[in-house]
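Please keep the sequence and the model open as you read.

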Amino acid sequence: MSNKNEQKQEFLFEKVNYKILLIGIAIISLGFILMSGGGSDDPKVFSEAIFDFRRIRLAPTVVLAGFGVVIYAILKNPKKD
């Protein structure tokens, strides 16, 4: 009788979705790591290093690409494939 009442628990996503999701989170983390730094040791001295290509163009692009991968992982339906 308990067999009939038991329901098999299903995950919301498949294993592939979780892998893609973790890859997206890793890409976002990489973008934030690229964005860090560039400050000066002395607060009275201004450092131009904060405005270099890596922090202004590359890092935000990597973060947005990571968000795109995460959205893809959420929307991907492996049952349709």
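Phe13 counts as partly exposed, because its relative accessibility is 24%; buried means under 20% relative accessible area, exposed means over 50%, and partly exposed lies in between, with a 1.4 Å probe and protein chains only. This is a predicted model, in which local features need pLDDT of at least 70 and side-chain atom pairs count only at pLDDT 80 or more, while totals for chains, interfaces and linings use all residues. Residues are numbered from 1 along each chain as its sequence is written, and side-chain values use heavy atoms, with hydrogens and water left out.

Aromatic pairs come next. Rings of Phe, Tyr and Trp (its six-membered ring) pair if their centres lie within 6.5 Å; planes under 30 degrees apart count as stacked, over 60 as edge-to-face and the rest as tilted. The count by this rule is two aromatic pairs. In one, the ring centres of Phe13 and Tyr18 are 5.8 Å apart and the planes stand at 75°, so this pair is edge-to-face. Tyr18 is partly exposed, with a relative accessibility of 35%.

## The second aromatic pair

How are the rings of Phe46 and Phe51 arranged? Their centres lie 6.1 Å apart with the planes at 40°, so the pair is tilted. Phe46 counts as exposed at 56% relative accessibility, and Phe51 is exposed too, at 52%.

Helices here are DSSP runs (H or I, at least four residues), strands are runs of E (at least two), and both are numbered from the N terminus. Helix H3 covers residues 53-75, 23 residues in total, and reaches 32 Å from its first C-alpha to its last. That is close to the 33 Å expected at 1.5 Å a residue, where the expected span is 1.5 Å times one less than the number of residues. At Ala59, shortly before the proline Pro60, H3 has a kink of about 30°; the bend is the angle between axes fitted to the seven residues ending there and the seven starting there.

The buried residues of H3 are Arg55, Ala59, Val62, Val63, Gly66, Val70 and Ala73. Helix H2 (15-35) is included in what covers them.

Is Asn17 buried or exposed? This residue of helix H2 is buried, at 2% relative accessibility. Leaving aside neighbours within four places in sequence, Asn17 is in contact (heavy atoms within 4.5 Å) with Ala73, Lys76 and Pro78. Gln9, by contrast, sits in the loop between helix H1 (2-5) and H2 and is exposed at 78%.

The structure holds one salt bridge, defined as a side-chain nitrogen of Lys or Arg within 4 Å of a carboxyl oxygen of Asp or Glu. It joins the side chains of Arg55 and Asp52 at 3.0 Å, N to O. Arg55 is buried, with a relative accessible area of 12%, whereas Asp52 is partly exposed at 30%.

## The overall form

The protein has three helices and zero strands, running α-α-α from the N terminus on. Its C-alpha trace spans about 75 × 30 × 10 Å along the principal axes. The radius of gyration is 21 Å, while a compact globule of 81 residues would have one near 12 Å; the radius is taken over C-alpha atoms, and the globule rule is 2.2 Å times the number of residues to the power 0.38.

Of the 81 residues, 19% count as buried. Among contacts with a separation of 6 or more, 70% come from residues 24 or more positions apart.
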